[in-house]
Amino acid sequence: MGKCFQTGCEREVAEAGDSDERKSESIMRLSWALVHSRQPEDVQRGMAMLEASLANTSSPLQQREKLYLLAVGYYRSGDCSRSRQLVEQCLEIAPDWRQAQTLKKTIEDKIAKDGVIGIGITATAVGLIVGGIAAALARKN
């Protein structure tokens with residue numbers, strides 16, 4: 001879904017007029033397109049739209065959808081802990097929702113992988129420091 005789809009959604013939001021339901025559906029489609037964009041500024045814009053519209057959401061189904069899209073946005077922006085919080089809120093509303101369960105697993109796998117990489121980097125740095133100290137001491141003697 002490229003810029004053309006986003007432009008169409010933006011036009012749809014502008015043309016929705018006073019119909020709250022039409023406007024809400026248009027904002028959801030535009031938010032979806034923005035959150036899935038390759039452009040980080042689009043992702044941020046989509047997240048801001050979702051955050052702003054979340055407070056006015058009374059339907060559990062719409063709330064679940066918005067929380068999920070926000071979780072996707074935060075994941076794509078690299079904030080895995082916030083993404084996980086949002087997807088867990090999503091699963092409180094709809095515990096059997098496979099899409100949210102899959103996203104949660106993806107997030108947890110990334111957190112685990114990043115943790116292992118972090119431990120590996122730390123161990124390598126410690127090894128280099130200890131090796132450097134040992135080499136310095138060997139030269140001294």
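**One turn of a helix, then the rest**

Lys-105 and Asp-109 both sit in helix H6, four residues apart, which is about one turn of the helix. A helix here is a DSSP run of H or I with at least four residues, a strand is a run of E with at least two, and both are numbered from the N terminus. The side chains of Lys-105 and Asp-109 form a salt bridge, 3.1 Å from N to O. By salt bridge I mean a side-chain nitrogen of Lys or Arg within 4 Å of a carboxyl oxygen of Asp or Glu. Asp-109 counts as partly exposed, because its relative accessibility is 42%. The cut-offs are under 20% relative accessible area for buried, over 50% for exposed, and partly exposed in between, with a 1.4 Å probe and protein chains only.

Before going on, a word on the source. This is a predicted model, in which local features need pLDDT of at least 70 and side-chain atom pairs count only at pLDDT 80 or more, while totals for chains, interfaces and linings use all residues. Residues are numbered from 1 along each chain as its sequence is written, and side-chain values use heavy atoms, with hydrogens and water left out.

Now the overall layout. The protein chain has six helices and zero strands, so to speak a plain list of α-α-α-α-α-α from the N terminus on. Of its 141 residues, 31% count as buried. Among contacts with a separation of 6 or more, 45% are between residues 24 or more positions apart; contact means heavy atoms within 4.5 Å.

Back to salt bridges. How many does the structure hold? There are three. Besides the one I started with, Lys-104 and Glu-88 meet in a salt bridge at 3.8 Å, N to O. That pair links distant parts of the chain, with Lys-104 in helix H6 and Glu-88 in helix H5, 16 residues apart. Lys-104 is partly exposed at 23% relative accessibility, and Glu-88 is partly exposed at 32%. Then there is Glu-65 with Arg-64, where the closest N and O atoms are 3.1 Å apart. Glu-65 is partly exposed at 27%, whereas Arg-64 is buried at 16%.

Arg-64 leads us to the rings. Its charged end sits over the ring of Trp-97, 3.9 Å from the centre. For that label, NZ of Lys or CZ of Arg has to be within 6 Å of the ring centre and within 35 degrees of the ring normal. Arg-82 also lies over a ring face, that of Tyr-74, at 5.6 Å from the ring centre.

What does a search of the whole structure find in the way of aromatic pairs? It finds one. The rings of Tyr-68 and Trp-97 have centres 5.1 Å apart and planes at 55 degrees, so the pair is tilted. The rule takes rings of Phe, Tyr and Trp (its six-membered ring) with centres within 6.5 Å, and calls planes under 30 degrees apart stacked, over 60 edge-to-face and the rest tilted. Tyr-68 is in helix H4 and Trp-97 is in the loop between H5 and H6, so the pair ties together parts 29 residues apart in sequence. Tyr-68 is buried at 11% relative accessibility, and Trp-97 is buried at 13%.

Tyr-68 also belongs to the largest nonpolar core, which has 23 residues; those with the most contacts inside it are Tyr-68, Leu-70, Ala-100 and Leu-103. A nonpolar core is a set of buried Ala, Val, Leu, Ile, Met, Phe, Trp, Tyr and Cys residues joined through side-chain atoms within 4.5 Å. Helices H2, H3, H4, H5 and H6 each give two or more residues to this core, and H4 has the largest share, seven residues. Leaving aside neighbours within four places in sequence, Leu-103 is in contact with Tyr-68, Ala-71, Val-72 and Val-87. As background, nonpolar side chains tend to be buried together in soluble globular proteins.

Last, Arg-76, which is in helix H4 and is partly exposed at 39%. Beyond its neighbours within four places, Arg-76 is in contact with Val-35, His-36, Ser-37, Arg-38 and Val-43. Of these, Ser-37 is in the loop between H2 and H3 and is buried at 5%.
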